[in-house]
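Hi,

Here is the structure I promised to pass on. Have a look through it, and my notes on what turned up are below.

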Amino acid sequence: MSDVIDDLEAEQDRLDAVLGGLTPQQWLTDSAAAGWTVADVVLHLAQTEEAVAAAVHGDPSWIDWRRFGDNVDDAMNAMVRAQQADPDQIYQRWRDGRREALRALRAADPQEPIGWVASAVKPRTLATTRLAEHWAHGLDVTIPFGIEWPDTDRLRHVAWLGFSTLRYAYGLTGRAVPPVFCDLYGPDGSAWQFGDPGAESVIAGPGGAFCRVGAQRLTPAESGLKTTGPHGAEVLAMLRNYADT
């Protein structure tokens, strides 16, 4: 499990370096996450990192997000609105929260599921969702300022998450996942392959684009990914970086 937690920490370190260089005005600038400033994005990350530590330690109180909204997105937005603060305070809250979350994940039993938003997940999967969220929100922070946020090999975890949770995405519609092979490649050209190589339906192309579709930062049509077979395009449209296993 250490590899994904180390990669999560590295992704957070990269975001920390960006945040530490922002001006007070930039913190109050609109991010690429609709309706949220950069400060709002980081506050959300702080709140959810605190939730990770609470969940690992068995505190069920944070799970009651329904007190804030009828769905997860509305609840997360309401939680951000309820805890507005000075950017310096938000920044320090996130830094403290992420360190505590990393400690909690490293100390967790790798085989013991942890109660999370949609279901109980194992620590490795929870760490992967946190990596996915920090990467995606890193895009939201950097895009408005033209700051480089290049793809890294760490995205292989995010690609795995998107593929492995197709079962959850399809389950919401009452259907099973059709056989599909994801023939992706990383920024260094390494192969990222998921599924049955003999499947008739295939999604092929850059892993970073696959992750962006799962994070809803790109549409399938914009991604440049190629789909073939009877179900390739449908599966790509269903892709979301959820966590349910």
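W27 counts as buried, because its relative accessibility is 5% (buried means under 20% relative accessible area, exposed over 50%, and partly exposed in between, with a 1.4 Å probe and protein chains only). Before you go on: this is a predicted model, where local features need pLDDT of at least 70 and side-chain atom pairs count only at pLDDT 80 or more, while totals for chains, interfaces and linings use all residues. Residues are numbered from 1 along each chain as its sequence is written, and side-chain values use heavy atoms, with hydrogens and water left out.

Back to the core. W27 is among the residues with the most contacts inside the largest nonpolar core, along with L19, W135 and F210. That core has 62 residues (a nonpolar core being a set of buried Ala, Val, Leu, Ile, Met, Phe, Trp, Tyr and Cys residues joined through side-chain atoms within 4.5 Å). Helix α3, residues 38–56, gives the most to it, with 10 residues (helices are DSSP runs of H or I, at least four residues, and strands are runs of E, at least two, numbered from the N terminus). Setting aside residues up to four places away in sequence, L19 touches W27, V38, V42, Y91, W94 and V141 (contact means heavy atoms within 4.5 Å).

Now the rings. There are 2 aromatic pairs (rings of Phe, Tyr and Trp, the last by its six-membered ring, pair if their centres lie within 6.5 Å; planes under 30 degrees apart are stacked, over 60 edge-to-face, and the rest tilted). W27 and Y91 make a tilted pair, because their planes sit at 50 degrees, with the ring centres 5.5 Å apart. This pair links distant parts of the chain, 64 residues apart: W27 is in helix α2 (residues 24–27) and Y91 in helix α5 (residues 87–107). Y91 is buried too, at 16% relative accessible area.

The other pair, F163 with F194, is stacked, at 5.8 Å between centres and 25 degrees between planes. Here F163 sits in helix α7 (residues 155–164) and F194 in strand β4 (residues 191–195), 31 residues apart. F163 is partly exposed at 22%, whereas F194 is buried at 13%.

Leaving out neighbours within four places in sequence, V235 is in contact with L166, Y170, P178, V180 and I203.

Cheers
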